[in-house]
Amino acid sequence: MKRTLAFMLAALLALGLTACQDEKNISGALAEVQTAEDGSLSALILERDGKRTGVLLAEKTSVWPRGEGSWTGEEAMEAFRKDLQPGNELSAWCYPRKEKLETAEGESIPAYWGQSVHINGILKRNALTLRDGTAIDVMENGGQGDNRTYQLFDGTELLRVDDNGGPENHYVMSLESFDDLTPQAQEKVRAYYEAQGPLYDEREELERSYAAYQELGEAFECDWVQQDAAPSASNDKIMYFVTSLRLPQEYGGRLSYERQSGGAFDRETGEKIDNWDLFAVPEAEVRRRFPELCGWVDEPELRAAMSEALKGDMFVFFPENVSVDFPPGSLPGEENGYCISLHYKDAPEGFFQPWAIPVNRGG
């Protein structure tokens, strides 16, 4: 009996794996919508790299309207078809059997019966105009405005922007999270980061990317800007967060850098704590000594430049150390960026406030 059961389980597993492997994924820009005689949706034609593929729709095909859950039935189709505008990005999981479909132009293309269809992006034509008069379209990825791609009319992508990463959306292994704050503190921390907003000029980043595209032509690759905030450390009094900003260093998608800034908050009240107050010595002494205590900065001129450029929000507190990022070009005569850090165990006694040092919960 046990051998028979084991055989049956193995057979079922094999069938399941085969079913997964037989699924076909199709994605692309919506090129055409076809309807049946009764007006119901019958097929979608998606285009990717000049190649068109059809997705056949059945009554049981599940659809995912922008940002919504999976639905089936007439109500779902009505909500779904509102966003079936030409150029919108869709993806579909389909059964593997190939069919044939005729487009409005009379072209015969391959088609597959859809299991589920997702709207991945909403295209907004002529959303803005650059300084030289060039019209720019915006693709709201996932149907949400906080994740978007700026592109030319022909679909050439210039700049992708991701800025939907508030501290309530990030969890880091072995660290306490936003959820561990009191409700009062959560409200104030969330409000702080919403008010902080983008730490970059999005329009200027787009202009730079377009200039790089004009210079590089086919060698251009889409640039990427990303900003988010996440927990970085904590103790019984304070919750620390780090804001990470990723920007192109060389425009054209080839090189980028990340700039970090830190924030400290009372975990009970949510009140923001000035980073300079986390040290037990005056600000002037922190500026002078921090580059020296990090150990590897030997040049007096570079130490002096770092001391001069230090700002309070540049300190990012982690479980074992505090670090400071100097972005490329932020130090006189230095094209490259620098990152320096100081382990708490290597700091002189009395350098940090005792209540400011995080707990290393990861051991």
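Which residue lies over the face of F153, and at what distance from the ring centre? I looked this up and found R125, at 4.2 Å from the ring centre. My criterion for a charge over a ring was NZ of Lys or CZ of Arg within 6 Å of the ring centre and within 35 degrees of the ring normal. I also recorded K272 over the face of F265, at 5.8 Å from the ring centre.

Basis of the entries. The model is predicted, so I note that local features need pLDDT of at least 70 and side-chain atom pairs count only at pLDDT 80 or more, while totals for chains, interfaces and linings use all residues. Residues are numbered from 1 along each chain as its sequence is written, and side-chain values use heavy atoms, with hydrogens and water left out.

Aromatic pairs. I found 19 aromatic pairs in the structure; rings of Phe, Tyr and Trp (its six-membered ring) pair if their centres lie within 6.5 Å, with planes under 30 degrees apart counted as stacked, over 60 as edge-to-face and the rest as tilted. Y240 and F317 are stacked, because their ring centres are 4.7 Å apart and their planes stand at 10°. Y240 belongs to strand β12 (residues 238-250) and F317 to strand β15 (residues 315-317), so this pair ties together parts 77 residues apart in sequence. Strands here are DSSP runs (E, at least two residues), numbered from the N terminus.

I checked burial next (buried means under 20% relative accessible area, with a 1.4 Å probe and protein chains only). F317 is buried at 2% relative accessibility, and F352 is buried at 6%. Y240 is buried too. One aromatic cluster includes Y240, F317 and F352, with W276 also among its members.

Strand β8. I then turned to strand β8 (residues 135-141), where 6 of the 7 residues are buried, so the strand is largely enclosed by the rest of the structure. Strands pair if DSSP finds at least two bridges between them. β8 pairs in the antiparallel sense with strand β7 (residues 108-129) over 6 bridges, and with strand β9 (residues 147-151) over 4 bridges. E140 in β8 stands opposite I122, and its bridge partner in β9 is R148. Between β7 and β8 the hairpin has 5 residues, and G133 takes a positive phi near 95° there.

How values were computed:
Buried < 20%, exposed > 50% of the residue type's maximum accessible area, 1.4 Å probe, protein only.
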